[in-house]
Amino acid sequence: MKHRVVITGMGVVAPNGHGLQEFEAALREGRSGIRFIQELKDLNFACQVGGVPQGVEAIRERYFLPEQLVSMNENIGYAAISAVDAWKDAGFTVPPFDSDEVDWDSGIIVGSGIGGMDTIANIVVPMVTSGKVKRMGSSIVEQVMNSGTSARVGGLLALGNQVTSNSSACSTGNEAIFEGMMRIRLGLAKRMLAGGCEGSSPFIWAGFDAMKVLARKYNDCPEEASRPLSGSAAGFIPGAGGALLLLEDLETAQARGARIYAELLGGNVNCGGHRMGGSMTAPNPEGVKRCVRSAIADAGISSMDVDAINGHLTATFADPYEVRNWAGALDREPDNFPYINSTKSMIGHCLGAAGAVECVAVVLQLHKGFLHPSVNCTDVHPEIESFSKSIPHQALECPDVKIIAKAGFGFGDVNSCLIFKKWEE
């Protein structure tokens, strides 16, 4: 028996809003969370803007005890806030720490692209090189190990099912959600928190700046810097944040009377094998198309059922290729191509958190019946100008949009695609 999987809770810490209400409002308004960052200028970065969630320290202090904060760096903090929000949003309560009860039916998969680099750079390396290892403290390992994020949240919520972290570059969040879906489908869990997180350290972003893939032309106008689908796109904007979706077995959700946001019909992940144009930094177009087609087949729908696409769309040279790959995968021409938008136009590229934050945007759009704009792309790239009518420049009320495909294509030629459906009783 293949169990159906639905979304019953969500939490998000995004550059343009914390929480579902604030995030939805920002999406509808096309409000950017990208700002000038003085530290990047001081460090001689070519790109001096980024998408960083605001007011997070105050949120952390409201949510967690001082002893918990000691071992909670930025990366873990984004995940922990999102997890608590998603858990409560689904109708559950955070268990007390002195309780012996464990939720054996619930687990978490949450990953990051690079993780606790800020802790490594600011604490581990300086203290080790200065011979102060004994003064480093006992919480360092749990902050820098890749599974520290899922382990921390697992402890906060007393999760007794699978608790693990994944890492697949820009595809991380999507892949975590896919793996959570598969676990529930197989009957191995009733609920799985799934998503991604990423800190905002310049030590995380430096390599991308050195590669010259970050936009450097818009330091004086940050809100205009992220330009997916645009002819004037000049590179992606680094971002940070976190998001988690609570995936749940449909029968379990209905039995407890849970509010259901959407259904996760299916998905797929693959790799292009670094062939046919694929490499560490570029996708094999055949791999992309195979991933999308397999996701559609897994969802049990046809390509014509896809009403909208929330693309990976980073504001690099790859955007026109991505649109054409979608057209090929769906076998749809410009005249019947679905709507396509890019959440990154407002928040930048949140790396390991990107897929998860954008999946929350997808579910909100389905649940509330709207499509958010892709900002900064009135000058649609000339290679995809024929698809212009499919790109919303302002929020659209779309109650008839029933199915949205969400993609993520990451360094390493890795691909992921998820198919979400509007929930209707």
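These legends accompany close-up views of a predicted model.

**View 1. The largest pocket and its volume.** The largest pocket holds about 590 Å³ of space. Its lining counts 28 residues. Nearest the centre of this pocket lie Thr281, Pro283, Thr316, Phe317 and Ala318.

**View 2. Elements around the largest pocket.** Which elements give two or more residues to the lining of the largest pocket? They are helix H10 (202–211), helix H12 (285–299), helix H13 (318–330) and strand S14 (403–410). H13 supplies the largest share, five residues. By class, the lining of the largest pocket has 17 nonpolar, nine polar and two charged residues.

**View 3. The second largest pocket.** About 180 Å³ of space lies in this pocket. It is lined by 13 residues. Pro95, Glu101, Asp103, Leu157 and Ala158 are the closest to its centre. The lining of the second largest pocket divides into eight nonpolar, two polar and three charged residues.

**View 4. The largest nonpolar core.** This core has 46 residues. Which of them touch the most other members? They are Leu245, Leu247 and Phe420. Helix H15 (residues 354–368) gives the largest share of this core, with ten residues. A second, separate core has 45 residues. Among them are Ile34, Ala90, Ile204 and Leu244.

**View 5. The surroundings of Leu245.** Here the focus is on one residue of the largest nonpolar core, Leu245. Leave out residues up to four places away in sequence, and look at what Leu245 touches. Its contacts include Ile7, Gly9 and Met10. Ile177, Met192, Leu193 and Ala194 are also among them.

**View 6. Cysteines without a partner.** How many disulfides does the structure hold? The number is zero. Take Cys197: the nearest cysteine sulfur belongs to Cys350 and is 11 Å away. Is Cys197 buried or exposed? Cys197 counts as buried because its relative accessibility is 0%, and the limit for buried is under 20%. Now take Cys271. Cys271 is partly exposed, as its relative accessible area is 42%.

Note on methods. Residues numbered from 1 in each chain as written. Predicted model: local features only at pLDDT ≥ 70, side-chain atom pairs only at ≥ 80, totals over all residues. Heavy atoms only, no water. Disulfide = S-S within 2.5 Å. Buried < 20%, exposed > 50% of the residue type's maximum accessible area, 1.4 Å probe, protein only. 1 Å grid on protein atoms, 1.4 Å probe; cavity = no way out; pocket = protein on both sides within 12 Å on 5 of 7 lines; lining within 4 Å. Points joined across faces, edges and corners; volume = space filled by probe spheres on them. Helix = DSSP H or I, 4+ residues; strand = E, 2+ residues; numbered from the N terminus. Nonpolar A, V, L, I, M, F, W, Y, C, P; charged D, E, K, R; others polar. Core = buried A, V, L, I, M, F, W, Y, C linked by side-chain atoms within 4.5 Å. Contact = heavy atoms within 4.5 Å.
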